[in-house]
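Have a look at the model first, then read on.

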Amino acid sequence: MMTKSEQIIAHIQNLIFYADKIAGKQFHLSDNSGKPLFEIKYQPKGNHSLSLKKGYMAVYTFALGDKWLKVGQVSKNSNPRYKYDHYKTYKGIRSDASTLARSLIDDPNMVSKYSLDESTVGDWIKNNCDRYDVWIDSSRFSNPKIVLNFVEGLLQYNLNPRYEG
């Protein structure tokens, strides 16, 4: 019997495999080196500690139980955005910052239901949300940004997250 997290990882792996069929190009899960082009990283609630490897880009997801809250992307060498930004609201500092924390604070239903405010939202995300991220080695593709956009779009379409943009 597969755990819920194993089922979600398998689902994301199937989507990535399906991406190969859609793209119809050199867009495979592994090449002759035997090293995977995509790595699925699971960070369970209470343990959002991974740092993005240098030269890697990622499509990140946040899930609250069975609901997907956010799917987004970070380009290569963007570890601070990957690791820290989504737990902060940046109110008054960076009004252009699209983060999960900002989306939650801007949602009156979530604020009311979970008693969220700017001082508690970051810890709430870490303690209540699972992350399922797709890491992509940018050096393995001739146009890595297209691959990143494609994987993000595929996951957004299939997971239908509550917050975008």
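D85 counts as buried, at 9% relative accessibility (buried means under 20% relative accessible area, exposed over 50%, partly exposed in between, with a 1.4 Å probe and protein chains only). This is a predicted model, so local features need pLDDT of at least 70 and side-chain atom pairs count only at pLDDT 80 or more, while totals for chains, interfaces and linings use all residues. Residues are numbered from 1 along each chain as its sequence is written, and side-chain values use heavy atoms, with hydrogens and water left out.

**The D85 pair**
- D85 and R81 meet through their side chains in a salt bridge at 4.0 Å, N to O (a side-chain nitrogen of Lys or Arg within 4 Å of a carboxyl oxygen of Asp or Glu).
- R81 is partly exposed, at 23% relative accessibility.

**Bridges between separate parts**
- E118 and R102 form a salt bridge at 3.7 Å, N to O.
- E118 sits in the loop between helix 4 (108-114) and helix 5 (121-128), and R102 in helix 3 (residues 100-105), so the pair ties together parts 16 residues apart in sequence (helices are DSSP runs of H or I, at least four residues, numbered from the N terminus).
- R102 is buried at 14%, whereas E118 is partly exposed at 39%.
- D107 and R162 also form a salt bridge, with their closest N and O atoms 2.8 Å apart.
- D107 lies in the loop between helix 3 and helix 4 and R162 in the segment after helix 6 (144-159), so this pair links parts 55 residues apart in sequence.
- D107 is buried at 9%, and R162 is partly exposed at 45%.

- The structure holds 8 salt bridges.

Terms used. Helices (H or I, at least four residues) and strands (E, at least two) are DSSP runs, numbered from the N terminus.
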